[in-house]
Amino acid sequence: MAAVESAPSEPAKRRHQTRQRARILEWLRSTDSHPTALLTHETLVRELPNLSLGTVYRNLEVLVSEGLIDEVPSAGCGVRYDGNPKPHHHFICESCGAIDDLHLQAPPELARKLRRARGRSARRIRIDCDGLCEACELHGSAAGTAS
């Protein structure tokens, strides 16, 4: 019986760590503002004058795909980015779009119920809570008017 040769597996694609990508990651890790790609660009172009918005978008995609940052959907503001590597949840204001980190534990029964009901094991649980922040509640802002 002849041995079956398997196709060589492709090596994991190694991405060259660029100075720009390293700086984007460093800045995201230093802020808890959950910035957009545009705000990231506007902030970093001052120190990296040749940094294009397209480069910021491409590097954010790479950082997300490598699990170094997270995308956080926000009310009316598109995607925002989170450089905080510690497990946490989010409160997202439906009016102004503010995102606050919530350092609370996920209910332990959630993972157990998921396992029992669906036969799935969660590696990570992230809960996003939507509502009005204190400022918008205080000023009577209507939900869904994020700019």
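Which residues of helix α2 are buried? Let's start there, and keep in mind that what we have on screen is a predicted model.

So, α2 runs over residues 37–44, and its buried residues are Ala37, Thr40, His41 and Leu44. Those four sit on the same side of α2, because the arc they cover around the axis is only 95°. And what do the buried residues of α2 pack against? Three elements turn up here: helix α1, at 19–30, helix α3, at 53–65, and strand β2, at 78–82.

Okay, on to the cysteines. You might look at Cys93 and Cys96 and wonder about a bond. The sulfur of Cys93 has its closest cysteine sulfur in Cys96, at 3.7 Å. From the other end, Cys96 finds its closest cysteine sulfur in Cys93. A disulfide needs the two sulfurs within 2.5 Å, so at 3.7 Å this pair is too far apart for a bond. The count for the model is 0 disulfides.

Last thing, confidence. The mean pLDDT of the protein is 85, and 85% of its residues reach 70 or more. The stretch to watch is residues 1–12, where the pLDDT is below 50. Beyond near neighbours in sequence, that stretch makes 0 contacts in the model.

How values were computed: Residues numbered from 1 in each chain as written. Predicted model: local features only at pLDDT ≥ 70, side-chain atom pairs only at ≥ 80, totals over all residues. Heavy atoms only, no water. Buried < 20%, exposed > 50% of the residue type's maximum accessible area, 1.4 Å probe, protein only. Helix = DSSP H or I, 4+ residues; strand = E, 2+ residues; numbered from the N terminus. Arc of directions from axis to C-beta. Contact = heavy atoms within 4.5 Å. pLDDT = per-residue confidence, 0-100.
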